[in-house]
Amino acid sequence: MTSTIQTLPTEVVYLITAGEVIDSFAAVVRELIENSLDAGATRVVISIWPQLWKVRVADNGWGMNLDDLQQAATAHSTSKIHSGDDLWKITSLGFRGEALHSLATLAELEILSRPMGGNEGWQVVYNQDGEILEKRVIAIAPGTVVTVNNLFANYPARRQGLPNSNQQMKTVQTVIQNIALCHPHVTFQILQNDKQWFTICPAASVGKLIPQILNQIKPGDLKELELEIPEQKSKINLVIGLPDRCHRHKPDWIKIAINGRIIKSPELEQTIFAAFHKTLPRDRYPVCLLHLSISPDQINWNRNPSKTEIYLNQIEYWQEKITESINQAIRISEANLKESIHTSRVGNLLKVAESKASYNFNNNQKNQSYLKAVAQVSNMYIVAEHPGGIWLVEQHIAHERVLYEKISDNWEIVTIESPIILYQLSSKQVEQLQRINLDIEPFGEKLWAVRSIPLMLQTREDIAEALLELSLGGDLQTAQVAVACRSAIKNGTPMNLSEMQQLLNDWQNTKNPRTCPHGRPIYLSLEESSLSKFFRRHWVVGKSHGI
Ligand code: ADP
Ligand code: MG
């Protein structure tokens, strides 16, 4: 399948945001790889020679015939759109018809190509206007090899404006990884100065690809979810790092892609951060890759020449869907039960346990309990049994999670009959209690009377201590966490089976059951598959006993 490259009509050219796309090594790499992917390539080899300002991208895509090669590098020439209407039907990564033309202007451009099914290949060298300078028939396999040499040689100011070559190569690497994350079925092989640099192998899904890129991550640390939205002819693919298993010290792994390209979207990023709120330790950030596949008429790619920003219709709708998907992924559900049964190295018992993804409950049967309380250990852990193994649940933080969600869902301040008297508060503490809407007034020298308190604290004996704790600062949410923590069953408290069962039931129905509001993991799972491996249950013991 070859496509016919045409020059865009002037009125369409006017519709396209003007701007220079080729401003860096990374931009060259991005544009060339995107062309390869648009040509249906499944294998892309990228070679970079930073000191020579040279890049070569070779692909096994559907290639170009001589007519196409003649057009490819002239201004505004593209096979991907033909009219202004097509701007709303973009399914390719490119559409502006500018990259090759810019490259002819800014560097020495040579293309080798042979169309799929065609029996001759051509090597073409372009002049600065993108016209053919030299051409000859060559023997190559179907596909395309684009070489860009001496980039910006005639534009010294551009070279000077760029960071050092190490940094540029880092950006190049990120660009390639980001593209790979959106095209997990494609092989990328990257060489630097003729030496193997890195390779990204195809994977059945993006979740399976991520460990190649983030090597601290194990497959069981991630949860992958696909949500079809038929009424919008759309799809959400989500991969999250389970908050009890991985997070980052920088917000550098929130990635948002739309229709095959990673983009910047502060609005959607905020939505993701909010969905992970109070599931991670302080100053830690989630791992999340969100890929929206949306009908092209909902997107205007024309906001910025590098297409890293877009206009998305109905952004609130998508924000809501994204929140729903993340909640669903964090929830404990049956969906990844099967994923959890995969092999892994067996070391000590803990390692076995940790390497496993968790057992999951069935979302649809929310109120049915899959966990059966069987015992309490050290007045601290609940041993819970389920069809796939056992869990150790820390009672205090499981209860803290239950209470926190209850409190934040219906934070209620109630008036109490006899006020609680507090002693020696600083004015800051008083202000803090007022900020979270408690009624507080002076009650004599160095004394204050609190006449309303959070409902959750009403039945507690240590209300005064709790109020003092609340007076020490933080926003409402921090106060809610503090109340939950204080009200939760303490470790060291004996519990009977029915109390433990009640807690397990409440906990498994929380929105974020994996971590407490401070981000600590709540349970340790010992999957039956791991246990059986640990105890070498696959050994044929009978034989060795001569039975
Ligand atoms: P755009 O990608 O916006 O169409 P480009 O200047 O990047 O513009 O490419 C111009 C045209 O050259 C493309 O529309 C495509 O038809 C053709 N082309 C570029 N690179 C390749 C490739 N690797 N394989 C096949 N065709 C290609
Ligand atoms: Mg292009």
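How much of the accessible surface of the chain belongs to carbon and sulfur atoms? The accessible surface comes to about 26000 Å², and 51% of it belongs to these atoms; areas come from the Shrake-Rupley method with a 1.4 Å probe, and for residues only the protein chains shown count as cover.

The structure is a predicted model, in which local features need pLDDT of at least 70 and side-chain atom pairs count only at pLDDT 80 or more, while totals for chains, interfaces and linings use all residues. Residues are numbered from 1 along each chain as its sequence is written, chains are lettered from A and ligands numbered from 1 in the order in which they are written, and side-chain values use heavy atoms, with hydrogens and water left out.

**Overall architecture**

The chain has 18 helices and 24 strands; these are DSSP runs, numbered from the N terminus, with helices (H or I) of at least four residues and strands (E) of at least two. Along the principal axes, the C-alpha atoms fill a box of roughly 95 × 80 × 45 Å. Contact denotes heavy atoms within 4.5 Å. Among contacts between residues at least 6 apart in sequence, 70% join residues at least 24 apart.

The domain bounds below come from an automatic or database domain assignment.

| Domain | Residues |
|---|---|
| Domain 1 | 6-200 |
| Domain 2 | 219-330 |
| Domain 3 | 347-547 |

Taken over C-alpha atoms, the centres of domain 1 and domain 3 are separated by 54 Å.

**Nonpolar cores**

A nonpolar core is a set of buried Ala, Val, Leu, Ile, Met, Phe, Trp, Tyr and Cys residues joined through side-chain atoms within 4.5 Å. The largest holds 65 residues, of which Ile46, Leu151 and Phe188 touch the most other members. Helix α6 (residues 165-182) gives the most to this core, with eight residues. Domain 1 and domain 2 each supply at least three residues to this core. Apart from it lies another core of 37 residues, including Phe95, Leu225, Ile272 and Phe276.

**Ser452**

Ser452 is placed in strand β23 (residues 447-454). Ser452 counts as buried because its relative accessibility is 5%. Beyond residues up to four places away in sequence, Ser452 touches Ile413, Val414, Thr415, Ile416, Asn437, Leu438 and Asp439.

Notes:
Buried < 20%, exposed > 50% of the residue type's maximum accessible area, 1.4 Å probe, protein only.
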